[in-house]
Amino acid sequence: MNGDPVSTSRRGALRAGVAAAIGASGLLRPLGALAARDFPSRPITLWVPWAAGGATDLSMRVLADLASRTLGQRVVVENRGGAGGTLTMPILQTAEPDGYTISQLPQTVFRAVHAQRVTWDPIRDTTPIIQISGVTFGVLVAESSRFRSLNDLFDFARERPGELSIATNGVGTSPHVVLEELFTARGLKYIHVPYKGVAEQVNAVASGQVMAGVGSTGFGPMVDSGRLRLLVLLSAQRSQRWPRVPTLRELGFDIVAQSPYGLAGPRGLPPAIVEILHDAFKKAMFDPQFVQELAKYDQEPDYLGPADYARQCREMYEKEREIVERLGLARRSGP
């Protein structure tokens, strides 16, 4: 039975009237605003796509602790290192967009999507929250090494093809791409040794397990202590910290590798929650304690808000596509 059509009409009108009354009273709010009203009500997980103990991990832990004070809930750092810093992307892809799962977003994710077959997309599957800083890279060897310049590495690779072992923080990372430009593009062979993070990498270089390394300035403390020798920087200009170390550009190579990074949440993160997270982490990143922590690794705050950071992410996505295609690293189509 369909019931009395008059009664059905009256019930529909009644429901519509109640809904209108609730809406007029302001009781119906956008889902994001309702979710943000009590946010956060439990700990937030910040995923770091690098191994524990490295520069990014340590600085993110300081940042998380400072942001916790503003948020009123703990920000718990979890590590998932490996695959060139891309292993937290599947986590963001499947996480609920409620603000309780966020991740450090390295530049490598914008390159990997063009070079590898992955199920995620760094633009489609994320909500940018804030840009934090940028990583500068350098070529380093053990202090006891025979190599004292970049040319020494080239000469060794030329004289003994395939014997020069060089460590990076992963396949497809900025250091790996730079190596391809410096060596492979010039017909020189080397052994690429990828590590999950900076800590493992610099220890391998310092102990002689590998002959050289290209990594982020997380190596700073070991250079300052005399365990590592910095041969060249991949930055646009010399570092005030190591003023005698030249840049690749100064040596005649038109290469600058700087890797900006920030924080992002899953796709569809409500703007009200983005704002809460942004404000807490912005306050944290300009706290003197965090600024001092970044300085240990020759970094400084490089702030962008949600809209500007999203624009930056899109630009990096397209730029990395061009680099991957130019170096012949693009993934092949088909099964």
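Guide: Contact means heavy atoms within 4.5 Å. Helices are DSSP runs of H or I with at least four residues, strands are runs of E with at least two, and both are numbered from the N terminus. The model is predicted: local features need pLDDT of at least 70 and side-chain atom pairs count only at pLDDT 80 or more, while totals for chains, interfaces and linings use all residues. Numbering starts from 1 along each chain as its sequence is written, and side-chain values use heavy atoms, with hydrogens and water left out.

Visitor: How many helices and strands does the protein chain have?

Guide: The protein chain has twelve helices and nine strands.

Visitor: What makes A280 a buried residue?

Guide: A residue is buried under 20% relative accessible area, exposed over 50%, and partly exposed in between, with a 1.4 Å probe and protein chains only. A280 has 1% relative accessibility and therefore counts as buried. A280 belongs to helix α10 (residues 271-285). Leaving aside residues up to four places away in sequence, A280 touches A67, T70 and L71. The C-alpha atoms of A280 and L66 are 8.4 Å apart, although 214 residues separate the two in sequence.

Visitor: Which share of the 335 residues of the protein chain counts as buried?

Guide: By that criterion, 50% of the 335 residues count as buried.

Visitor: Why is helix α5 (residues 108-115) described as largely enclosed?

Guide: Seven of the eight residues of α5 are buried, so the helix is largely enclosed by the rest of the structure. The buried residues are T108, V109, F110, R111, A112, V113 and H114. Their cover includes α4 (89-94), β3 (101-105), α7 (174-182) and α12 (306-326).

Visitor: What makes a set of residues a nonpolar core?

Guide: The set must consist of buried Ala, Val, Leu, Ile, Met, Phe, Trp, Tyr and Cys residues joined through side-chain atoms within 4.5 Å. The largest such core has 59 residues, of which F183 and L277 touch the most other members. Not counting residues up to four places away in sequence, L277 touches F39, I44, L71, G99, I102, I129 and L269. Apart from this core lies another, of 17 residues, including V198, V202, F219 and M222.

Visitor: How do you know that β5 (residues 165-168) and β6 (residues 191-194) are paired?

Guide: Pairing requires that DSSP find at least two bridges between two strands. β5 and β6 have four bridges, in the parallel sense. In one of the bridges, T168 has P194 of β6 as its partner. From β5 the chain passes through α7 to β6, and this β-α-β crossover is right-handed. Right-handed means that, with the strands pointing away from the viewer, the path from the first strand over the helix to the second runs clockwise.

Visitor: Which strands run antiparallel to β9 (residues 258-266)?

Guide: β3 is joined to β9 by three bridges in the antiparallel sense, with Q104 opposite L263. Strand β4 (residues 126-142) is joined to β9 by nine bridges, also antiparallel, and here T136 stands opposite Q258.

Visitor: What makes β9 a mostly covered strand?

Guide: Eight of the nine residues of β9 are buried.

Visitor: Is N169 buried or exposed?

Guide: N169 has a relative accessible area of 7% and is therefore buried. The residue is found in the loop between β5 and α7. Not counting residues up to four places away in sequence, N169 touches W50, G84, P175, Y195, Q201 and V214.

Visitor: Why is the link between the side chains of N169 and T173 called a polar contact?

Guide: A polar contact is a pair of N or O atoms within 3.5 Å; within protein, one must be able to donate a hydrogen and the other to accept it, and residues adjacent in sequence count only if both atoms are side-chain atoms. The side chains of N169 and T173 are joined at 3.1 Å, so the pair falls within the cut-off.

Visitor: What sets the backbone of P40, A83 and D298 apart?

Guide: Most residues other than glycine have a negative phi, and most peptide bonds are trans. F39 and P40 are joined by a cis peptide bond, with omega about -10 degrees; P40 is in the loop between α2 (31-37) and β1 (44-48). A83 is not a glycine, yet has a positive phi of about 55 degrees. D298, also a residue other than glycine, has a positive phi near 60 degrees.

Visitor: Why are A83 and D298 called partly exposed?

Guide: The relative accessible area is 44% for A83 and 26% for D298, so both residues belong to the partly exposed class. A83 is in the loop between β2 (75-79) and α4, and D298 is in the loop between α11 (288-295) and α12.
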